[in-house]
Amino acid sequence: MSIAEKLATIAENEQKVYEKGRLDAWNKITNNNKRVFYTYAYRGMPDGSFDPPFAVKPQNAEGMFYGSGIKKITSEQLDTSLCTNFPFAFSNSAIEELGVIDLQNNTNNASVFSTGSLHTIEKLILSNNGSNLSSALSQTAELINIKIEGKIGANFNIGGSAKLSYESLMGENGIINALKDYSGTGETRTLTLHASAKARLDESDMAIARQKGWDIV
């Protein structure tokens, strides 16, 4: 065996030891990945501290990443499809980019994304019957990219997001197309946009929202 081959074997063995230690530590922390309560679990933790070998599946994630320095979380790392309590999950954190965030089963989404650094949400999954986002996205000053699957069912304030792209507003999975249709019911709802975001919409764009019973302010 050459020196290069020996070094490669050593590196491979070291990697295996590292991965086993990482998995053993994770299983101990999460009770073999059965843990479901992650209330403020990563509060204030630095970037790089969230590196699970399997997707975390919290049921209660209140403040899970509150004030953390973690900048990116992928769908392979976090699965929120079982989560029923998600307020303040990313509030005051350094998060910049998120994968798929499933809020279909959430009953409390207050200030989930209240952070000034978030620019991209790969996809936000809502209930087809209409989810209440409350103040979930009211303080996302850097948000540019967001896709929505499902329906927004209650008054929605995303008025802090001046940089929203036209695709995020009017695309197939954009905000306007995600508004629940209240036409013919006599009910109305309000979509609050930043003046700069609203200026990207023309009259025909806003008419789509109005036809579904939504006022844009």
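## Aromatic contacts and the nonpolar core

Arg189 lies over the face of Tyr182, 4.2 Å from the ring centre. A charge counts as over a ring if NZ of Lys or CZ of Arg is within 6 Å of the ring centre and within 35 degrees of the ring normal. The charged end of Arg35 also sits over a ring, that of Tyr38, at 4.4 Å from its centre.

This is a predicted model: local features need pLDDT of at least 70, side-chain atom pairs count only at pLDDT 80 or more, and totals for chains, interfaces and linings use all residues. Residues are numbered from 1 along each chain as its sequence is written, and side-chain values use heavy atoms, with hydrogens and water left out.

**Ring pairs.** A search of the whole structure finds eight aromatic pairs. Rings of Phe, Tyr and Trp (its six-membered ring) pair if their centres lie within 6.5 Å; planes under 30 degrees apart count as stacked, over 60 as edge-to-face and the rest as tilted. Two of the pairs are tabulated here.

| Pair | Centre to centre | Angle of planes | Class |
|---|---|---|---|
| Tyr42 and Phe65 | 5.5 Å | 20° | stacked |
| Phe65 and Phe90 | 5.4 Å | 0° | stacked |

Tyr42 and Phe65 are both in the loop between α1 (3-30) and β1, 23 residues apart. Phe90 is in the loop between β1 and β2, 25 residues from Phe65. Helices (H or I, at least four residues) and strands (E, at least two) are DSSP runs, numbered from the N terminus. Ring pairs join Tyr42, Phe50, Phe65, Phe86, Phe90 and Phe113 into a cluster.

Which of Tyr42 and Phe65 is buried? Tyr42 is buried, and so is Phe65. Buried means under 20% relative accessible area, exposed over 50%, partly exposed in between (1.4 Å probe, protein chains only). Phe65 has a relative accessible area of 1%. Phe90 is buried too, at 1%.

**Core.** The largest nonpolar core has 50 residues; Phe90, Phe113, Leu124, Leu137, Ile152 and Leu191 touch the most other members. Helix α3 (residues 175-178) gives the largest share of this core, three residues. Such a core is a set of buried Ala, Val, Leu, Ile, Met, Phe, Trp, Tyr and Cys residues joined through side-chain atoms within 4.5 Å.

**Loop residues.** Ser138 is in the loop between β3 (120-125) and β4 (145-149). Ser138 is buried because its relative accessibility is 16%. A polar atom of its side chain lies 3.1 Å from the backbone oxygen of Ser135. Phe88, in the loop between β1 (72-73) and β2 (97-102), is partly exposed at 31%.

Key: A polar contact is a pair of N or O atoms within 3.5 Å; within protein, one must be able to donate a hydrogen and the other to accept it, and residues adjacent in sequence count only if both atoms are side-chain atoms.
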